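Please keep the structure in view while reading.

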Amino acid sequence: MAVRDFEAAARATLDPVHADFIAGGAHDEITVRANEAAFRRLRLLPRVLRGSAERELGVELPGARARMPVLLSPTAFHRLLVPEGEVAAARAAASAGALMIASMASTVAIGEVAEAARKAAPDGEQPALWFQLYIQPDLEITEALVRRAADAGCQALVVTVDSPVHGTHERNRRNGFHDLPPGLRCENLVDLRDGESGHVRQIVMSPEISWTQVDWLRRITDLPVLLKGVLHPEDARLAVRHGVDGLLLSNHGGRQLDTVPATLELLPEIAAAVGGRIPVILDGGVRRGTDVVKALALGASAVGIGRPVMWALADGGEAGVGRLLELLRDEVDDALALCGATGVRDVGPELVRPPAPPG
Ligand code: FNR
């Protein structure tokens with residue numbers, strides 16, 4: 001089984017409206033396709049006769065340590081797919097030693113997600129768990145969310161900054177999919193605002209957010225703050241200047257502004273802009289162990305996966321996500337061995353080559 005096979009397996013039983021919610025992107029989905037295509041274009045150029053019996057796959061990230069360089073990017077609404085929802089993903093991640101970024105729009109409250117991760121982690125290991133946040137125009141609500149994440153034991157905050165407004169997903173519009181079905185709520189939002197407690201509409205996108213709110217966030221929390229969705233090298237430099245602890249180089253899996261470049265194409269420029277001062281994590285289109293090695297070679301500290309987790313969850317719940325992570329771990333290990341690398345830190349730009357021009 002390969003990572004891409006989880007999609008077909010999930011679709012066998014999944015409501016097609018929910019499958020469209022997962023697979024879809026903004027407008028013409030040009031960036032959705034570009035993300036994967038960029039990995040296909042880049043070539044690996046291995047070294048020989050310098051490997052080791054075992055590869056070191058562990059990574060140190062702000063506030064957390066993970067046993068593999070692949071993390072779970074934040075994805076909303078897991079209970080659409082399985083009754084346990086985010087608890088299933090958190091258990092699988094904690095067992096595999098993979099970092100999970102829990103979405104603010106999760107259908108299980110962050111405290112319960114964290115508790116499930118703690119119980120599933122091997123003895124003595126602290127599960128790596130971060131919380132993704134959309135800064136709300138109402139800063140009191142934002143502060144309450146930060147408190148919920150900190151109380152749950154999350155080790156960092158990931159602020160998604162590519163969503164001043166919602167991306168337009170034409171598949172969802174065609175399908176009339178705008179809401180969670182009855183019985184499901186955005187549990188982190190419950191009791192934070194008057195009115196429909198936990199309704200998706202309570203997550204407000206704010207076109208007016210700026211560096212002022214990022215600075216404010218850093219003042220009100222001791223947790224490391226990472227930004228998700230910075231694409232421009234100038235913004236990466238600003239992030240460093242504002243004391244941000246890391247970047248997730250992400251175009252939201254092509255779900256926000258369509259026609260932006262593939263994240264892999266931007267990685268060398270972003271890595272150069274931050275100059276090793278903070279870690280850069282890439283997501284978008286990662287589907288193979290070789291993709292992971294390519295991203296590491298171009299300067300990423302780790303990579304994230306979004307849709308594969310959703311497909312695996314729909315296909316097999318906790319066990320499905322467990323199989324997905326094991327598969328990726330093994331593929332990364334094999335790819336490193338075949339590249340003559342002793343581990344994640346042993347991967348540099350000399351291992352990749354752009355493809356020959358067509359002709
Ligand atoms: C997402 N993504 C996302 N990002 C975020 O910051 N908050 C969120 O709640 C969500 N929710 C979400 C739902 C679904 C169904 C998908 C597919 C994606 C974006 C996600 O974190 C990540 O950036 C991309 O999914 C990465 O690209 P791939 O791996 O899906 O190609």
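The paragraphs below describe annotated residues, backbone exceptions and helix pairs in a predicted model.

**Annotated residues**

The unreviewed UniProt entry carries a "binding site" annotation, and this covers Gln132, Tyr134, His252 and Arg255. Such annotations may be inferred rather than shown by experiment. Two of the annotated residues are described here in detail. His252 is placed in the loop that runs between β9 (246-249) and α10 (263-274), and Arg255 likewise lies in the loop between β9 and α10.

Is His252 buried or exposed? A residue counts as buried if 20 or more other C-beta atoms lie within 10 Å of its own. His252 has 24 C-beta neighbours inside 10 Å and therefore counts as buried. Arg255, with 23 other C-beta atoms within 10 Å, is therefore buried as well.

For His252 the partners are Asp162, Gly167 and Gly229. For Arg255 they are Gly25, Ala26, Gly167 and His169.

Two residues other than glycine have a positive phi. His27 has a value of about 45° and is located in the loop between α2 (16-23) and α3 (30-41). Because His27 has 15 C-beta neighbours inside 10 Å, it counts as partly exposed. In Thr259, phi is near 80°. Thr259 belongs to the loop between β9 and α10, where His252 is also placed. With 12 other C-beta atoms within 10 Å, Thr259 is exposed, whereas His252 counts as buried.

**Helix packing**

| Helix pair | Axis distance | Angle |
|---|---|---|
| α4 (residues 86-96) and α5 (residues 110-120) | within 8 Å | roughly 35° |
| α9 (residues 233-241) and α10 | 8 Å | about 30° |
| α11 (residues 289-297) and α12 (residues 307-338) | within 7 Å | roughly 60° |

What is the handedness of the crossing of α4 and α5? The crossing of α4 and α5 is right-handed. On the α4 side the contact is formed by Glu86, Val87, Ala90, Arg91, Ala93, Ala94 and Ser95, and on the α5 side by Glu112, Val113, Ala116, Ala117 and Ala120. By class, the contact of α4 with α5 comprises eight nonpolar, one polar and three charged residues.

Angles under 35 degrees count as roughly parallel. At an angle of about 30°, α9 and α10 are therefore roughly parallel to each other. Their crossing is right-handed. Pro233, Ala236, Arg237 and Val240 of α9 face Glu269, Ile270, Ala273 and Val274 of α10 in this contact. The residues of the contact between α9 and α10 include six nonpolar and two charged ones, with no polar residue.

The axes of α11 and α12 cross at roughly 60°, and these helices are therefore oblique to each other. The crossing of α11 and α12 is also right-handed. From α11, Gly289, Thr290, Val292 and Val293 meet Leu328, Glu331, Val332, Asp334, Ala335 and Leu336 from α12. The contact of α11 with α12 divides into six nonpolar, two polar and two charged residues.

Note on methods: Residues numbered from 1 in each chain as written. Predicted model: local features only at pLDDT ≥ 70, side-chain atom pairs only at ≥ 80, totals over all residues. Helix = DSSP H or I, 4+ residues; strand = E, 2+ residues; numbered from the N terminus. Contact = placed C-beta atoms within 7 Å. Axes fitted to C-alpha atoms, helices over the stretch in contact; angles between N-to-C directions. Parallel < 35°, antiparallel > 145°, perpendicular 65-115°, else oblique. Left-handed = near helix turned anticlockwise from the far one by under 90°. Nonpolar A, V, L, I, M, F, W, Y, C, P; charged D, E, K, R; others polar. Lists of a residue's contacts leave out its neighbours within four places in sequence.
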